[in-house]
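Reader: I would like to learn how to read the fold and the interface of a model. Please take me through one.

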Amino acid sequence: MIGSIKGPAAVLLAAAMLYGMQRTTPLYSDITSPVPVTGRQGERVDTSAFAIGVANVHLAREVTASSFGRDRTYTTSGVWVIIEAAAAAKQESLSLTSAKWLGPNGVRHALSQRLSSMPGMPGTERLEPGIPRPMLMAFEVPESQLSGATLLIARSAVTPLAEEAWIKITDVRAQNIRSTVKLGRGNRSQPWTLEAQ
Amino acid sequence: MTATAANAGERRRYWFSIAALAVVLPAAILVHTGDTIREWLRDMRDPIAVESGALQRYAGADWRLTGLARLPGSLPKTAVVLAEFEATVDDPAQLAENRCQVALTDDRGRRWQPAFLPESAVHKAKPAAADKPHCGLFEGTSTGDTIMMAESFVVPEDAKSLALSVSLSGALPAYLLFR
């Protein structure tokens, strides 16, 4: 009696396992996604290729930036997140071109393209080993995605299995949203100026 | 054939298969990653150390480092390293089909890529060098020509034992290492 059940039971079990494996097969993009290196705002995060530290996170309803001698105001239907950080390459010259704001609901916000030509933005300057450089980032995110967010920094968005710094942003509160943040051009060692009003 | 004899034969086949895995698995990995491994081997580099000022034959030309100058950098605690070098063409055809890669290395294994535009310190201290081309324009040369090149690098002030590496794609894995 038991012997006659054993066969079909094994087949059923195998089918269930195969179905489970088929349903949980990771996507190719998951298998080759960047390897996270975690850290927190205010501390240095070391990946094998670069080190980065996030100092200040400013929130604002609008950003004023001077370009070609003219002040322009950028409004947003969300909130501007302006991040001041510093980064250095470790062994080889490299550029950090990918920065994303990972909100608490799992949505990744790319860098705002509207301020991408500001000096200090990712991709405007190559990092050299041993020379830390200030880095500026700007995101437009919904107000609900401010607290509990993580900043993701990598050399590029597509390199499989490269390391990505995951920096927990701890110092953002909705009541700290300023009306305006003013960005200006700075000098060679500090490429921008920032005033919050 | 008795049952025990059949069992013994089966067991032998079983252990033989297990042992064969140890050989077959690495072989399969090797076959499937053959190209990657070949590329990796090609990247394993083979330096030709050249003393400053000495001539070295490489990829159809005679190469020489004519200057490795340290200039003040525009950022605090940095320096600009200006490397001037020249190649006297011996085999234009062999030289022409090369891509050139230049890097500056230090004793801690750090590698700097050349700046695209020379820093202002280069213009001020060595205006002639600022006008020299980057490494990589080898088309249309003829035997006996001397190509003068310059590259500049931004390095931290504490970088020591700097060496210039010049590699041409056609002559890899060998590359020149000027000290």
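**Reading chain B**

Author: Of the 179 residues of chain B, 36% count as buried. This is a predicted model.

Reader: What is the secondary structure of chain B?

Author: Chain B has five helices and nine strands. In sequence order they run α-α-β-β-β-β-α-β-β-α-α-β-β-β.

Reader: Which share of the contacts in chain B joins residues at least 24 apart?

Author: The count takes contacts between residues at least 6 apart in sequence, and 70% of these join residues at least 24 apart.

Reader: What does the surface of chain B consist of, and where do the charges lie?

Author: Carbon and sulfur atoms account for 58% of an accessible surface of about 10700 Å². Chain B carries 19 positive and 21 negative charges, and their mean positions are 10 Å apart.

Reader: How is the size of an interface given?

Author: Often as the accessible area lost when the parts come together. Here chain B and chain A bury about 1100 Å² between them, with 50% from carbon and sulfur atoms. Of the area that chain B buries against chain A, B:Leu75, B:Arg111 and B:Gln113 supply 44%, more than any other three residues.

Reader: How many residues are in contact there?

Author: On chain B, 16 residues are in contact with twelve residues of chain A.

Key: Residues are numbered from 1 along each chain as its sequence is written. Chains are lettered from A and ligands numbered from 1 in the order in which they are written. This is a predicted model: local features need pLDDT of at least 70, side-chain atom pairs count only at pLDDT 80 or more; totals for chains, interfaces and linings use all residues. Side-chain values use heavy atoms; hydrogens and water are left out. Helices (H or I, at least four residues) and strands (E, at least two) are DSSP runs, numbered from the N terminus. Buried means under 20% relative accessible area, exposed over 50%, partly exposed in between (1.4 Å probe, protein chains only). Contact means heavy atoms within 4.5 Å. Accessible areas come from the Shrake-Rupley method with a 1.4 Å probe; for residues, only the protein chains shown count as cover. Lys and Arg count as positive and Asp and Glu as negative; His and the chain ends are not counted. The place of a charge is taken as NZ of Lys, CZ of Arg, CG of Asp or CD of Glu. Buried area is the accessible area (1.4 Å probe) that two parts lose on being put together, summed over both.
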